[in-house]
Amino acid sequence: MAITSIKNLKEFSTNNDRFEGAHTLCPGCAHSMIVRELMNCTDDNLVLAANTGCLEVSTAVYPYTSWDTSWIHIGFENAATAVTGSEVMHKVRKRKGTLKDNDAPVKFVAFGGDGSTFDIGFQWLSGAMERGHDFTYICLDNENYANTGGQRSSATPIGATTSTAQAGTHSYGKKEKKKDIVSIMAAHGAPYVAQLAPNKWKSMAKGFQKALETEGPCFINTVSACCTEWRFDPKDTIHITDLATDSLMFPVYEIIEGHELNILYRPKNVMPVEEYLNAQGRYRHLFKPENKHVIELIQSDIDKYWDMLQRREEARV
Amino acid sequence: MAVKFDLNEREVWDGNYAASQALRQADVDVVVAYPITPSTPIVENYGSYVANGYIDGEFVMVESEHAAMSGCIGASASGGRVSTATSSQGFALMAEVLYQASGMRLPIVLNVVNRALASPLNVRGDHADMYLGRDSGWLQIGAFNAQEAYDLALCAFKIAENPSVRLPMMVHQDGFITSHTAQNVYPLSDEAAINFVGKIQPIDDMLDFSRPVTYGAQTEEDWHFEHKAKQHKAIMDSKPVIDAVLAEFKELTGREYKRVETYDMEDADVAIIGLGTTVETARVAAKNMREKGVKAGVVAIRCFRPFPLEEVREALKNCKAIAVTDRSSPGGAMGAFFNEVSAAMYTSTNRPIITNFIYGLGGRDFSIAEAERIYAEQMAHIEAGHITTDIQQFSGLRGPKLGFFRTERS
C-alpha cells in the first residue's frame with residue numbers, strides 16, 4: 001500500500017513501493033529518491049514511460065525489472081509520446097468498456113533525463129504538451145549525459161566541465177548558459193509546471209500530487225544531484241542539493257496555468273553560489289584566478305533570475 | 001456506437017481510400033499519424049470517420065513520423081488495435097522505432113504507400129522505403145491495386161494479431177499508381193469485415209494492472225541474441241498463419257491471394273519476377289510475348305517478409321532465364337531482391353540464367369514495351385547459353401545503356 005502523503009522520512013524509507021530497491025543506479029544517485037517519491041504519492045495505477053538514460057538502463061535489464069507497475073521504454077527521445085499513446089488507448093478502451101478494470105483510476109507519467117528532455121526528446125515532449133494529453137512529464141535533471149559518461153547537454157550550466165565541454169588551459173568549460181526549460185514548458189500553456197528538489201521532499205510530494213491531479217499535460221523539472229559527474233561524495237547527495245536550493249542555483253517554484261507563479265522554498269539565508277560550486281569537482285577550475293569572472297557571472301544570473309521570479313510571483317503574470 | 005457507413009456492393013476507390021475503409025471496418029482503436037505524400041489520405045480519412053462518428057476511435061496527429069510510430073507503440077502495448085500509414089522520408093524517420101515495435105512484438109499495421117527516398121527529392125513511387133524496412137522485423141505484404149490494398153489491410157490485422165504471430169505488419173502499395181488510381185473495389189459489409197478480422201486479444205496489456213509488464217528492457221551479449229533469434233523464428237513461423245488467413249479470406253470473398261503469385265508459369269522458359277504494380281505490366285507483356293511464341297511468365301512476390309524462398313524456387317524451377325526487377329537504387333551492389341532470388345535459385349537443382357534490372361526509380365514509368373524487351377533479352381541469353389549482357393542493367397534510363405557486373409559463365 002503506497003502512502004498518499006509522506007509524514008516522515010522513516011516511513012518513506014521503509015514502506016513497500018512499486019519501485020523495487022533492486023536497481024543498478026550509482027550509490028548516492030538522486031534519481032531513485034525522486035522516482036520513489038512520485039510512486040509513493042499516489043495510490044492510483046501508474047503507466048510509466050522512460051526515455052533512454054540512467055534510470056532506464058539501471059532498472060530494466062533483462063531478466064530483471066525494478067518496476068512493479070506498467071512500464072515502457074522505447075528510445076532516447078519518445079517517452080512522452082509512448083505514454084500519451086497509452087493514455088489515448090486508455091480513453092478509447094474505457095469508452096468501449098474493454099479494460100480489465102474499467103473504473104480504476106490511472107495516471108500516466110513519463111521520465112526523462114535532461115539530455116533527453118532538453119535536447120534529443122525536446123520535439124516529442126513539446127508535441128505531447130501541445131496536444132494536451134492528460135499526463136505528467138518529470139525531468140530528472142542532472143545537467144549532463146551521465147549515462148554515457150558525462151557529456152554536455154543544453155541543461156549543463158555555464159562553467160561546468162564535461163567530457164565534451166572541457167575545462168583546460170584555454171577553456172573554462174561549457175560556454176553556454178542552461179536552457180530555461182521550465183519557462184518553455186509554461187509557455188506551452190501547460191496547466192501545471194514546477195521545478196522541485198528531493199531535499200524539499202514535502203513540496204516535491206505535493207507538487208507531484210498536484211501534477212497528477214491536474215487534468216492535462218504537466219511538466220516538472222527535478223534537481224537530481226549526480227555524484228559521479230558532479231564529482232562529490234555519494235553520501236553528500238542531499239547536502240549538495242541543499243546547497244543547490246539555498247544558493248538559488250535551483251529555485252523551487254511552480255507555475256499554474258502559465259501565469260500564477262508560486263515560490264515554494266524561500267531560503268532564510270541565501271548562500272553565495274561559490275559554496276555550491278566549491279563543493280563539486282566539475283566547477284573546481286572556476287576557482288583559478290583567471291576564471292573568477294565566470295563565478296561572478298553565475299552569481300549575477302542567479303540574482304537576476306530570483307528577482308524575476310519574485311516579481312512574477314507578486315505580479316501574477 | 002458508430003454511425004452506419006453506407007457502402008455499395010461495388011465502390012470506386014483508390015488505394016488510399018480502400019486502405020482507410022479497411023481501417024474503419026477493422027474498428028481500429030487508435031491511429032497515431034503524421035501526414036506525408038502519397039499516404040496522407042489514409043489517415044486523413046480515418047480522422048474524418050472519427051470526426052463524423054463512423055468509428056469509435058481516437059485519431060492523434062503528432063509532430064513527426066517518428067512520434068507517430070512511438071505513439072502507436074505506446075497505444076499497442078496498451079492492448080487495443082492500432083494502425084497508421086506513411087511513405088518515403090516519413091518511413092525513414094520512423095526507422096528507429098520500427099525496430100522497437102517488432103522487438104516488442106506489437107501487432108501494429110502500417111500502410112506503406114511506397115515512394116522514393118531523397119535526395120533528389122521525389123514524391124513518386126519506387127520501393128526504396130519498402131527495402132529500408134526489410135530487416136526491421138516486420139511482416140511485409142504487397143498490394144498491387146486498390147482492391148488488394150483493401151483486402152490485405154483487413155488480412156493484416158488478423159495475421160499480425162494472431163497470438164502465435166504477434167508481429168507488426170506492413171501493407172505496401174505503390175505510390176500514386178495504386179494509391180491515387182480509382183478502380184472498382186468490392187468491399188465486404190461492415191459486419192462481414194469485423195467478423196473476419198475479429199476482436200483483438202490483449203496480450204501483455206499495460207492497462208491490466210493485475211499483471212504489471214515491463215516493455216523495452218535492455219539485453220546485452222547475454223540475452224540479445226536469443227531474443228533476436230526468437231523474433232526471426234516467429235517471422236519464419238508466421239507463414240502457415242498467413243496462408244490460413246488468406247485461405248479464409250478466399251472462402252469469404254472468392255478472392256485468392258498467395259505469398260508468391262504465378263502467372264503463365266506452368267511451361268515458361270523466361271520469367272520476370274517483381275514486386276508491386278510492375279507485376280501487372282509484366283503480365284500484359286508476357287501475354288504479348290506468348291502471342292509471338294515466347295513462353296513467358298511472371299512471378300510476383302506478395303509476401304516480401306517472411307521471404308518465400310522455397311516458393312520462389314518452386315515457381316521458377318523449370319525456367320531457363322529469369323529477370324529479377326529491383327525498383328530501388330542498389331547503392332553499389334546487385335539489387336537486394338536479385339540477391340534474394342539468386343539465393344533461392346542457387347540452392348536449387350535448376351541453375352537458370354539470372355539477370356538484374358534496376359528500373360522505375362522515382363516513379364519512372366515501367367512500360368509494356370520495356371518488359372517485352374526484357375523477355376526478348378532473356379531469350380537471347382538462352383540461345384547463347386550464357387548471359388550476353390551485364391548481369392545488372394538499368395532499364396528505362398535516359399542516355400547510353402548503363403550496366404554493371406560481368407558473368408564468368410560463357
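In this predicted model, the buried residues of helix 10 of chain B pack against strand 10 (260-263), strand 11 (270-274), strand 12 (296-301), strand 14 (321-326) and helix 13 (368-384) of chain B. Helix 10 itself covers residues 278-291 of chain B, 14 residues in total. From first C-alpha to last, helix 10 reaches 20 Å, close to the 20 Å expected at 1.5 Å a residue. Its buried residues are B:Thr278, B:Val279, B:Thr281, B:Ala282, B:Arg283, B:Ala285, B:Ala286 and B:Met289. Following helix 10 you'll find B:Gly293, which has a positive phi, near 90°.

Let's zoom out to chain B as a whole. Its secondary structure comes to 13 helices and 17 strands. The radius of gyration of chain B is 21 Å, close to the 22 Å that the globule rule gives for 410 residues, so chain B is as compact as a globular protein of that length. Along its principal axes, the C-alpha trace of chain B spans about 70 × 55 × 40 Å. Some 55% of the 410 residues of chain B count as buried. Of the contacts in chain B with a separation of 6 or more, 79% are between residues 24 or more positions apart.

Now for strand 2 of chain B, residues 30-33. B:Val30 and B:Val32 point one way from this strand, while B:Val31 and B:Ala33 point the other way; all are buried. Strand 2 has parallel pairings with strand 3 and with strand 4 of chain B. Strand 2, helix 2 (residues 40-51) and strand 3 of chain B also make a right-handed β-α-β unit.

What about the contact between the chains? Here 39 residues of chain A are in contact with 39 residues of chain B. On the chain A side, strand 1 (45-50), strand 2 (70-72), helix 4 (79-96) and helix 6 (122-131) each supply at least two residues. Helix 4 of chain A gives the largest share of that side, 14 residues. By class, the side of chain A that touches chain B has 18 nonpolar, 14 polar and seven charged residues.

| Strand | Partner strand | Bridges | Facing residues |
|---|---|---|---|
| Strand 2 of chain B | Strand 3 (residues 58-61) of chain B | Four bridges | B:Val31 and B:Phe59 |
| Strand 2 of chain B | Strand 4 (residues 82-86) of chain B | Two bridges | B:Val31 and B:Ser83 |

Conventions:
Residues are numbered from 1 along each chain as its sequence is written. Chains are lettered from A and ligands numbered from 1 in the order in which they are written. This is a predicted model: local features need pLDDT of at least 70, side-chain atom pairs count only at pLDDT 80 or more; totals for chains, interfaces and linings use all residues. Two residues are in contact if their C-beta atoms, placed from the backbone, lie within 7 Å. Ala, Val, Leu, Ile, Met, Phe, Trp, Tyr, Cys and Pro count as nonpolar, Asp, Glu, Lys and Arg as charged, and the others, Gly among them, as polar. The radius of gyration is taken over C-alpha atoms; the globule rule is 2.2 Å times the number of residues to the power 0.38. A residue is buried if 20 or more other C-beta atoms lie within 10 Å of its own, exposed if 12 or fewer, and partly exposed in between; C-beta atoms are placed from the backbone. The expected span of a helix is 1.5 Å times one less than its number of residues. Two strands pair if DSSP finds at least two bridges between them. A crossover is right-handed if, with the strands pointing away from the viewer, the path from the first strand over the helix to the second runs clockwise.
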